[in-house]
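Here is a short report for a first look at a protein chain. Keep the sequence and the 3D view at hand while reading.

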Amino acid sequence: MAGGHEFVGRTAELARLRTHLAATAQAHGRLVLMCGEPGVGKSRLAQMAVEHARTMAFTVVWGRCLETEGAPPYWPWIQAVRALSSSSDTPGAASAHAALTGASPDSDRFRLFDAVSQVLFDAAAERPLLLVLDDLHRADEASLALLRFTVDAAEGRALACLGTYRDTEVSTEHPIASLIGDAAGEVDLIELRGLDREETNAFVRQVTGTDAPHDLDLLHARTSGNPFFLREVLSLGGNPDVVPTSIDAATWARVRRLPAPSREVLTQAAVLGRDVDPLVLSRVRRTSADEVAAALTVAVTSGLISGPVEQTGLYRFEHVLVQEALYQRIDAAQRLVLHGRALAALEPHDGEPGYAISIAHHARQAAHSPETRCHARWLAERAADHAAATSADATAAEWYRAALSLSDPAGPGRVGLLVKLGGATGRAGHLEEARHCLEEAWELAARAGAIDEMGSAALALGELVVSAGTVDAGLVRMLERTLARLPDATPTALDVALRARLATELYWGAGLDRSRALAREIVRDARALGEPRCLAGALAARQFVLRGPDGLDERLALGEELLDLSQDLEDEELELRARRVLVPDCLQNDLARADAELDGLAVLARHSGRPLARWYLNLFRAVRATMSGRLDDALHQVDDAEAEGLRLGVQPASLYATGQRFLILRQAGRVADAEQSVRDQAARWPVLVTFRCHLALLLADTGRSSEALALLEGLVAQRCAAIPRDSLWTASVALLAETAARLGHPEHCATLHDLLAPHTGRIAFLGVVAWWGAVDHYLGLTAAGQGHHDRAQAFFRSAHTQHEAWQATPFVAATVAAARGDTCRDPRPRPSDRLADAGEASRDGLTSREAQVLEHLAGGASNKEIARALRLSVHTVERHVANIYGKIGARNRADATSYALRRATPPGRPGRPAAHEPTVPESSRM
């Protein structure tokens, strides 16, 4: 049979791959997936791409998924990172490899993902990198999640990812299908099918050195142009009349030609999977390694297996179909024996990274008696624990299920297994199964009177439930019934933990008062216990549930104490819990302190690598950009935070983004653009009344007064009884206050004024996402709405002073506009309302162009927006802004805005008595 290495029939596909490699060399790499049936040539085409990449000076690393049972989690990544570690001085490769294998476990999945992807990025910075991941249909979910993470973060890098998989084994529920759907537009999918008639003829000529037989049509019909099947048939003589009806039969026909010893060794090797360690195989056969090597050498000449590989000494079946065909020929009794021997051969490696799951696999296959089932159950649970330690939660769940299937339904340890399975499935995103497992665990523990296990199950469910705007009634029942079983004695750490979780869960519902009372009690009890971690949980719960219009000083103190505890305990997660509440609290109290806390969060995000910390950092930076009027920057940060939050699975990511975009778009004069998202959130989260408050203001802003009034009526009823006094209360009432003022409704203005009056001097902050300015601004609006103009002006002066102190440029302008009585038009102050004309500005030393820039700057426009409006470059605008600051003595945009407003047309309009005209605050007039 002629050999030859010419590649047949994949010209177009190979051209696409070469195009991607050329783009990768220019730092425009992407994910390419190749799919097709077994034997269609996916790996061969990948090899051709690799050969081309090497001619372009690429670094190439492979990661092959094990196509048989027993693979450890992250197996393809372990191989790829190991290859980088051994072939270069890539920083972090050794530590990333240790984390992947569990030698240095890290329970934070995304920190692990960051470490691995950074190894690839560092390598790609030296030379373009091609990462080939073969047989992804057999990849564990964690490996596919890591691939998605890497692709998302790889934009602008010289890294290409090429993956292959069998589409015949991928359903619509398979993680690969989700990956392709999520990455739509970011992945090139190459679908390989069988060779056509002419390509089949060329393939036969290449393999045999002669033209195809005269009955080419029958050969093509029998093989469907599948290259692997064609080769198997040609190895039997190529007569279509005797072609076996399956690849399995064709493979077995080739195996039968081997000498008996080689046939037996090769068949037994199939028990070990596609990759075969000859030393392990010799123990399975209970023969010498030399005998095994001799038998495998004969099999290598047949083309059924290859090896040994120089670096590892392993042999490898040429195709998984060969291994599968041989394994299926082993009878059930013999499989039990061979798997048992494989287990005994591998157990000397017990404790080494990567072996736990392989050992558990053979133990499960060998289990046939109560004793072997008990041993297999223990090994399965240990394998699951190993996977969980490396954040491979889907793999962990698979092995916890295996352990449960091997255990006695009425035996000990079942509750613990169910709790572990519930935690793993929940972290893997299968929340319905997780809840079922944890509820079953709780019921079993309750029937047995095992209070500690009841508590473990309830707290595990609490870890999975995201309490953002809703109360989980099932979790509340579990917590309350567990607490009812606790003895009436001195509080314990379990008691405090259960009450802390209950307090947190009750926060978003009618039990808010009870929530806060519980939190007060558990802090007292935790202090008495003197256990730092117990106290930390209690303080975090108290800090969380105190959020609202009152209790700011106590929250700030709690946040500081929690930060100190996190430092003592060296607990980064605890530090993040403290800062995610402390930053927005400081943004209601002191700008310098807020920025210092934000800097602390940035340090935590950078040093810890925690993506959730980065997400909160982006969230709060968007708040600061909005406050200062950098609207373009703010929108970009909101978009980035939402995208990252969705990627991390943060349930409120889109909810928070909606609240932030509403304020930004309103300041930009584009509030109508926010309508659909506000309506969607209001419908999805009816308990979050704040979105109805947003909608009422939006309707008033856009001139739909009757709709706005109808919504306002319901929300203000019974002194805003529908709005809980939680972290959204102050901003929500402030939004209604502005709505009532815009609609000119004195009665509602009076109600809302009374509700806000106790909070004069404070900031209206919406949860953790939006800074809505001084409460005094809204008191001014509602006072003016009742005709109390002198009182209104006093509030506006106070708000103006606060907004200047906070360097909140758009809010300075909004307060001045409100003081003039401009409450019934586009909320974005217009440049024409601020400077009389360019000539007047010029008298102060500004050029006419600088005067135009100042007008736009005072309107809250960013440098980019000014550049677009005046058809200048951003650099030129920046130069004009610097000149303006120097000429008028401004330190920042807030000073420049105040200067512009002081030069505005004085209050009073023709046709209106001056006595009733609200005046600009004293600090805004010359």
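Which backbone oxygen lies 3.0 Å from a polar atom of the side chain of K42? The oxygen belongs to E37.

## The chain as a whole

This is a predicted model. The chain has 926 residues, and 56% of them count as buried. Its secondary structure comes to 45 helices and 10 strands.

Take the contacts between residues at least 6 apart in sequence: 66% of these join residues at least 24 apart. The accessible surface comes to about 37800 Å². Carbon and sulfur atoms account for 51% of that surface.

## K42, a buried lysine

K42 sits in helix α2, which covers residues 42-55. K42 is buried but has no salt bridge. D135 is the nearest side chain of opposite charge, at 5.8 Å. A salt bridge would need the charged atoms within 4 Å.

The side chain of K42 does reach backbone oxygens. One is that of E37, at 3.0 Å. Another is that of G36, at 3.4 Å. Beyond its neighbours within four places in sequence, K42 also touches other residues, including M34, C35, T164, Y165, R166 and L192.

## Helix α27

Helix α27 runs over residues 552-569, 18 residues in total. From first C-alpha to last it reaches 25 Å, close to the expected 26 Å. E570 follows α27 and has a positive phi, near 50 degrees.

The buried residues of α27 include L552, R555, L556, L558, G559, L562 and S566. Among the elements that cover the buried residues are α26 (532-545), α28 (572-586) and α29 (591-608).

Conventions:
Residues numbered from 1 in each chain as written. Predicted model: local features only at pLDDT ≥ 70, side-chain atom pairs only at ≥ 80, totals over all residues. Heavy atoms only, no water. Helix = DSSP H or I, 4+ residues; strand = E, 2+ residues; numbered from the N terminus. Buried < 20%, exposed > 50% of the residue type's maximum accessible area, 1.4 Å probe, protein only. Contact = heavy atoms within 4.5 Å. Areas by Shrake-Rupley, 256 points an atom, 1.4 Å probe, with all protein chains shown as cover. Lys, Arg positive; Asp, Glu negative; His and termini not counted. Polar contact = N/O pair within 3.5 Å; in protein donor to acceptor, adjacent residues only side chain to side chain. Expected span 1.5 Å × (residues − 1).
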